[in-house]
Amino acid sequence: MAKLNHHFSKLSNNYLFPEIEKRIATYRQKTPNARLMDLGIGDITQPIPASAVSALVEAAQEMGKPGHFRGYGPSEGYPFLRETIASNEYGKLGINIDPSEIFVSDGAQSDIANFQELFCTDNRIAIADPTYPVYLDSNVIAGRTRALLKTGRQGGVTYLPCTESNGFKPETPSVQVDLIYLCFPNNPTGVTIDRPLLKEWVDYARKNQAVILLDGAYSAFITDENAPKSIYEIEGAREVAVEFRTFSKSAGFTGLRCSYTVVPKDLKIYDYGKVHSLHALWKRRHDTKFNGVAYPIQRAAAALFTPQGQKEVQGLVGSYLERARLFRQGLSALGYTAYGGKDCPYIWCKTPEQVSSWDFFDYLLEEHKIVSIPGSGFGQAGEGFIRFSAFADPSSLGEALQRLKAG
Ligand code: PLP
C-alpha cells in the first residue's frame with residue numbers, strides 16, 4: 001500500500017498566491033469590467049535583453065547544424081558560463097570563486113528548495129520572518145519541522161523577526177541553530193543588510209558550525225555602497241555559506257530559467273567528528289537529479305556579461321529601481337509609511353493603524369482595484385504590511401497612485 005509523505009499536511013493550507021488568485025477571481029465575478037492594477041506579481045514586465053536573444057537564436061541554429069549539435073551537457077553547467085560568472089560576478093569584486101564552485105541550474109527556487117536534502121532532518125533551521133515562503137515549506141515537506149503550533153507557526157523552527165524596530169534586519173539568535181536561511185535584499189521587505197551585520201552572521205555560523213544559505217536573487221539591484229553584493233565579501237564566509245543567484249529578475253529570465261549556486265570547497269560539515277565537503281555532496285546530488293540547463297539558455301546567460309549585455313542589464317535594473325523610487329515617493333506623499341524600494345524593486349508598505357494585511361489587501365482590491373500582496377503571507381512578522389512590486393509597468397504604478405490619491 002502506497003503511503004503519503006505526512007509532512008505535507010503540516011503546510012499552511014492557504015498558500016499565498018492561490019488565495020490571492022481566489023480573491024481576485026471572486027472580485028472579477030462581481031465586477032467583470034474592472035481594470036485591475038497588478039502591483040502584486042513579482043514577475044518581470046520588460047523583455048529580455050537583445051544580446052541574450054541573439055545568443056539564444058544563434059545557439060539554437062548551431063544545434064541544428066551537423067557537427068555542431070549538442071546533447072547532454074555537464075550537469076553543473078558549461079565551462080564558458082561558469083568561468084564568465086566567476087570572473088564577472090565575483091572576480092570584479094575581488095572575490096576568489098573558482099568556476100568549479102559554481103553550479104548552473106534552472107532556478108534559484110528549485111536549488112534553494114532542494115539544497116536542504118544534504119542535511120539530516122535533526123538540524124534546526126532559522127528563517128527570517130517575513131521572507132520568501134520556499135525556505136520554510138521545503139523544510140516542512142522534508143520533515144525538518146515539528147507539529148504545527150496553535151499560533152500557526154511551524155514547531156521546531158527559529159523565526160528571525162524582521163520588523164520596523166530592527167530595520168527589517170534579522171539578528172543572530174541566542175540559541176544554537178544549524179541551517180540559516182537569509183535573503184538579501186529580502187523579498188518581501190526590499191531591505192538589504194550592511195557588512196557589519198552580515199559579518200555577525202558569518203561569525204555566528206563559524207562559531208556554531210552552522211551553514212548559511214543566502215538567497216541573493218535580487219543582488220543585482222543593490223545600490224547601497226555599504227551593503228555587500230555577495231556574502232563572500234565577508235571574511236570567513238567561504239567556510240560557512242552557500243549563495244544562490246538567478247538571472248530571473250536582473251535580466252528578465254523568469255521564462256527562460258537560468259540560475260547558479262555557489263558552493264565553496266572550503267565549506268565543511270562536521271558531522272559527529274567526521275568532516276565532509278558540501279561541494280562534493282551537492283555535486284553528487286546534482287549529477288544524480290539534474291541533467292543541466294539547455295545549451296542555448298546558457299549561451300544567452302553568458303551573453304549578459306558582454307559589454308553590450310552588461311549595458312542592457314544595467315538599463316533594466318536601473319529602470320525597475322526608478323519605478324520603485326517614484327512609487328515609494330508617491331506613497332510617502334500620500335501619507336503612507338513605506339520601506340524598501342532602494343536596493344530592490346519591492347516596497348513594503350505599512351497598513352493603516354489596526355488594519356490587518358488581508359483587510360488592507362481587500363480594501364485596495366475592492367475600493368481602488370489595486371492588487372498587492374498581504375505581508376502576513378510571507379510570515380507572521382509581516383502582519384500589518386503589504387508588498388507592492390515595482391516590476392509592474394510604469395503606467396500601472398502611476399495609475400495606482402492616482403487612484404489612491406483620489407481616495
Ligand atoms: N528567491 C527569491 C527571494 C525570489 O523572490 C524568487 C522569485 O520571486 C526566487 C528566488 C525564484 O528565482 P528563480 O526564478 O531563479 O527560480
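## A tour of the predicted chain

Select Lys-369 to begin: Lys-369 is partly exposed, with a relative accessible area of 30%. Here partly exposed is the class between buried (under 20% relative accessible area) and exposed (over 50%), with a 1.4 Å probe and protein chains only. Lys-369 is in the loop between α10 (357–368) and β15 (370–371). Helices (H or I, at least four residues) and strands (E, at least two) are DSSP runs, numbered from the N terminus. The phi of Lys-369 is positive, about 55°, although Lys-369 is not a glycine. Most residues other than glycine have a negative phi.

The model is predicted: local features need pLDDT of at least 70, side-chain atom pairs count only at pLDDT 80 or more, and totals for chains, interfaces and linings use all residues. Residues are numbered from 1 along each chain as its sequence is written, and side-chain values use heavy atoms, with hydrogens and water left out.

**The whole chain**

Zoom out. The protein chain has 11 helices and 17 strands. Its radius of gyration is 22 Å, close to the 22 Å that the globule rule gives for 407 residues, so the chain is as compact as a globular protein of that length. That radius is taken over C-alpha atoms, and the globule rule is 2.2 Å times the number of residues to the power 0.38. The C-alpha trace spans about 60 × 55 × 50 Å along its principal axes.

Of the 407 residues, 54% are buried. Among contacts with a separation of 6 or more, 73% are between residues 24 or more positions apart; contact means heavy atoms within 4.5 Å. For charge, colour the 44 positive and 44 negative side chains: the centres of the two sets lie 2 Å apart. Lys and Arg count as positive and Asp and Glu as negative, while His and the chain ends are not counted. Each charge is placed at NZ of Lys, CZ of Arg, CG of Asp or CD of Glu.

**Two domains**

Colour 11–47 + 308–406 as domain 1 and 52–305 as domain 2; these bounds come from an automatic or database domain assignment. The centres of the two domains, taken over C-alpha atoms, are 26 Å apart. Where they meet, 34 residues of domain 1 are in contact with 37 residues of domain 2.

**Helix α5**

Select 134–142, which is helix α5; Val-134, Tyr-135, Leu-136, Ser-138, Asn-139 and Val-140 are buried there. Show the elements around these side chains: the buried residues of α5 pack against α4 (108–115), β3 (125–129), β5 (154–155), β6 (157–161), β7 (179–183) and β8 (211–215). Gly-143 follows α5, with a positive phi near 85°.

The peptide bond from Asp-129 to Pro-130 is cis, with omega near 10°. Then select Pro-188, in the loop between β7 and α6. Asn-187 and Pro-188 are also joined by a cis peptide bond, with omega about 25°. Most peptide bonds are trans.

Thr-189 is in the loop between β7 and α6 (195–208). Is Thr-189 buried or exposed? Thr-189 is buried, at 0% relative accessible area. Leaving aside neighbours within four places in sequence, Thr-189 is in contact with Pro-130, Phe-168, Tyr-339, Gly-340, Tyr-346 and Trp-348.

**Cys-349**

Move to strand β14 (residues 346–350), which holds Cys-349. Cys-349 is buried, with a relative accessible area of 1%. Which residues does Cys-349 touch, not counting those up to four places away in sequence? They are Leu-331, Tyr-336, Thr-337, Ala-338, Gly-384, Phe-385, Ile-386 and Phe-388. The C-alpha atoms of Cys-349 and Gly-156 are separated by 30 Å.

Select Glu-89 in helix α3 (residues 79–90). Glu-89 counts as partly exposed, at 25% relative accessibility. Residues up to four places away in sequence aside, Glu-89 touches Thr-84, Arg-245, Tyr-260 and Phe-305. A line from the C-alpha atom of Glu-89 to that of Arg-124, 35 residues apart along the chain, covers 31 Å.

The last stop is Arg-257, in the loop between β9 (241–246) and β10 (259–262). Its phi is near 75°, a positive value in a residue other than glycine. Arg-257 is partly exposed, with a relative accessible area of 31%.
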